[in-house]
Amino acid sequence: MTDAVTKRTESNPSVRSRDGRSTDYAALLLAAQGGNQAAMERLLMKAQEIAYRFSLLVCGHADDADDAMQEALLKRYRHAAQIKEPAAFRTWLYRTVKNACLIGRRRRVGEPARVQSLDEVLMAPDGSLQRIDVEDHGRRPDQVMENSRLRQSLHRALLTLPPESRLIVFLREVEGLSTREVASVVGISEANVKTRLHRARLSLRRHLEAP
Amino acid sequence: MKTPASDRCRALLEQLSKYIDDELTPAERRALTAHLRRCPCCQTMADSLKHTVDACRKAGTTRLPADVRVRARARIATLLAAGPASRPRT
């Protein structure tokens, strides 16, 4: 059954993530609901990956990720067996992760606000740069370092955006959701998503191009 | 003082996201492409905006750090080992 799920997933290009891998969430969900443990594991790992990226890029704290990931995991597991509209599963997933991350942030009310830089995330205790966990396999070291610098600049630029704009950029550009899906997750109109996305892009461009 | 050209550039700036997302009508796209060929300033802006969008999209390829992935797998294994009977009703 796992093979069947894998074949369906890879052959359906309807949902293609930014890394080029397609994910048919509806097929995975149906398989998971039918008792396919491998499909359930994949769904849960997807939730973990999204919660981690959300914590880092939207909340600005990779150290919040474990709480957010735990919250997202439990909520997803509780609902996966009962959700009735597989087609809407992807937007539901992002709403779940967003709420889980925001719950984690609220728990920290009263703690000093501090935005963790990507340098801190990537820096080893001895000050050296840790292995960069991105798809840089097979690239030259200078390309890897250039990509790393770009990511750090982007991370800093993202954190200058208003929270809702940051969320829109994350969902649309980083995660590859459609405008309609972003509107559904954020709770605003598609026209509003497009307007805010355009302004956010211009703002990010200014920060990335600044010397 | 504003010139007609700068007004034109400003108006087209508002279309650049649609241009990048391929949401312009064929006529709008032709007009914008023709302007970009004539206006180095707008062409630079369009290239720069496209570069920014590409950088964001590359961020989606970030994988979990190894230690985070190990913890994630352990959490999932624990949850699944507990079995469906332990799922709280919602």
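**View 1. The largest nonpolar core of the predicted model.** Of the 60 residues in this core, A:Ala47, A:Ala51, A:Phe54, A:Val97 and A:Ile168 touch the most other members. The largest share of the core, 13 residues, comes from α3(A). A nonpolar core is here a set of buried Ala, Val, Leu, Ile, Met, Phe, Trp, Tyr and Cys residues joined through C-beta atoms within 7 Å, and a residue is buried if 20 or more other C-beta atoms lie within 10 Å of its own, exposed if 12 or fewer, and partly exposed in between, with C-beta atoms placed from the backbone. The model is predicted, and local features need pLDDT of at least 70, side-chain atom pairs count only at pLDDT 80 or more, and totals for chains, interfaces and linings use all residues. Residues are numbered from 1 along each chain as its sequence is written, while chains are lettered from A and ligands numbered from 1 in the order in which they are written.

**View 2. The fold of chain A.** Chain A has 10 helices and zero strands, where helices (H or I, at least four residues) and strands (E, at least two) are DSSP runs, numbered from the N terminus. Buried residues make up 37% of the 211 residues in chain A. Among the contacts in chain A with a separation of 6 or more, 58% are between residues 24 or more positions apart, two residues being in contact if their C-beta atoms, placed from the backbone, lie within 7 Å.

**View 3. Confidence along chain A.** Confidence is lowest in helix α1 (residues 2-11), at a mean of 38, and highest in helix α10 (residues 190-209), at 93. Over residues 1-22 of chain A pLDDT stays under 50, and the model has 40 contacts beyond four places in sequence for them; over residues 109-138 of chain A pLDDT also stays under 50, with 35 such contacts. Where pLDDT is low, the predicted coordinates should not be read in detail.

**View 4. The packing of α8(A) against α10(A).** The axes of these two helices, fitted as lines to C-alpha atoms over the stretch in contact, with angles running from 0 to 180 degrees between N-to-C directions, are 9 Å apart and at an angle of about 95°. The helices are therefore roughly perpendicular to each other, a term for angles of 65 to 115 degrees, whereas those under 35 count as roughly parallel, those over 145 as roughly antiparallel and the rest as oblique. A:Ser165, A:Ile168, A:Val169 and A:Arg172 of α8(A) meet A:Val193, A:Arg196, A:Leu197, A:Arg199 and A:Ala200 of α10(A).

**View 5. The contact between α10(A) and chain B.** The axes of α10(A) and helix α4 (residues 40-59) of chain B come within 9 Å and cross at roughly 95°, which makes α10(A) roughly perpendicular to α4(B). On α10(A) the contact involves A:Arg201, A:Leu204, A:Arg205, A:Leu208 and A:Glu209, and on α4(B) it involves B:Ser48, B:Leu49, B:Thr52, B:Val53 and B:Ala55. In total, 41 residues of chain A are in contact with 26 residues of chain B, and the largest share of the chain A side, 10 residues, comes from α3(A).

Technical notes: pLDDT is the predictor's confidence in each residue, from 0 to 100.
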